[in-house]
Amino acid sequence: MKPRIVIPTVAPAAYEALMNLEKYNATTSVTPIQKELIKIRASQINGCAFCINMHTADARKYGETEKRIYLLSAWREADVFTEEEQAILALTEQITMISNHVSDEVYQNAARLFDDKYLAEIILLIITINSWNRLAIATGMRAI
């Protein structure tokens, strides 16, 4: 692959804005494991090998098991995710595949389980990883 644009170099203010959103996400009350599940699942859907590699490693650091990481792409058929995690994963999938919109059923289920602030934090985490996935894929970042 030919070298591609390096966003932090040519658009540092824009990159910094995205980094500031990431810094906000780090301060939220969403658990580290929930954050990594969001990041891994969105990255799987988007086909972002760079982010899958990064976030599976991060998930392991936070104590996530190999079994749950392996089952994440088929989470509906696995009995290893909590009700809250399932709601987060369903919301992650629908926001990531936004052209299909977010169904009232998926949104209301998440709203039933989380207060407004926590739900907002989850949504912002999903939006952020989708931005990172698009940046990594568009600029040709590769998993090492």
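These legends go with several close-up views of one predicted model.

In this predicted model, local features need pLDDT of at least 70 and side-chain atom pairs count only at pLDDT 80 or more, while totals for chains, interfaces and linings use all residues. Residues are numbered from 1 along each chain as its sequence is written, and side-chain values use heavy atoms, with hydrogens and water left out.

**View 1**
From the N terminus on, the elements run α-α-α-α-α-α-α-α. The radius of gyration of the chain is 15 Å, close to the 15 Å that the globule rule gives for 144 residues, so the chain is as compact as a globular protein of that length. (Helices, H or I with at least four residues, and strands, E with at least two, are DSSP runs numbered from the N terminus. The radius of gyration is taken over C-alpha atoms, and the globule rule is 2.2 Å times the number of residues to the power 0.38.) Along its principal axes, the C-alpha trace spans about 45 × 30 × 30 Å.

**View 1. The surface and the interior of the chain.**
Of the 144 residues, 39% count as buried. (Buried means under 20% relative accessible area, exposed means over 50%, and partly exposed lies in between, with a 1.4 Å probe and protein chains only.) The chain exposes about 8,100 Å², and carbon and sulfur atoms supply 58% of that area. (Accessible areas come from the Shrake-Rupley method with a 1.4 Å probe; for residues, only the protein chains shown count as cover.) What share of contacts between residues at least 6 apart in sequence joins residues at least 24 apart? The share is 68%. (Contact means heavy atoms within 4.5 Å.)

**View 2. Charged side chains across the chain.**
The chain has 15 positive and 17 negative side chains. The centres of the two sets lie 10 Å apart. (Lys and Arg count as positive and Asp and Glu as negative; His and the chain ends are not counted. The place of a charge is NZ of Lys, CZ of Arg, CG of Asp or CD of Glu.)

**View 3. Two aromatic pairs turn up in a search of the whole structure.**
Y15 and W132 form an edge-to-face pair, 5.6 Å centre to centre, with 75 degrees between the planes. Y15 lies in helix α2 (residues 12–26) and W132 in helix α8 (residues 116–138), so the pair ties together parts that are 117 residues apart in sequence. Y15 is partly exposed, at 25% relative accessible area. W132 counts as buried, at 14%. The rings of F114 and Y118 have their centres 5.2 Å apart and their planes at 15 degrees, so this pair is stacked. F114 is buried, at 9% relative accessible area. Y118 is buried too, at 14%. (Rings of Phe, Tyr and Trp, its six-membered ring, pair if their centres lie within 6.5 Å; planes under 30 degrees apart count as stacked, over 60 as edge-to-face and the rest as tilted.)

K39 sits in helix α3 (residues 32–46). Is K39 buried or exposed? K39 is buried, with a relative accessible area of 11%. Leaving out residues up to four places away in sequence, K39 touches E22, H55 and I129. S43 also lies in helix α3. S43 counts as buried, at 0% relative accessibility. Beyond its neighbours within four places in sequence, S43 is in contact with C48, C51, I52, I129 and N133.

**View 4. V106 in helix α7.**
Helix α7 covers residues 104–113 and holds V106. V106 counts as buried, at 14% relative accessibility. Which residues does V106 contact, leaving aside neighbours within four places in sequence? They are A90, L91 and Q94. V106 and I40 are 66 residues apart along the chain, and their C-alpha atoms are separated by 19 Å.

H101 is found in the loop between α6 (83–96) and α7. Phi of H101 is near 70 degrees, a positive value in a residue other than glycine. H101 is exposed, with a relative accessible area of 57%. G63 lies in the loop between α4 (49–61) and α5 (66–71). G63 counts as exposed, at 54% relative accessibility. G63 and I33 are 30 residues apart in sequence, yet 7.8 Å apart in space, C-alpha to C-alpha.

Definitions and conventions. Areas by Shrake-Rupley, 256 points an atom, 1.4 Å probe, with all protein chains shown as cover.
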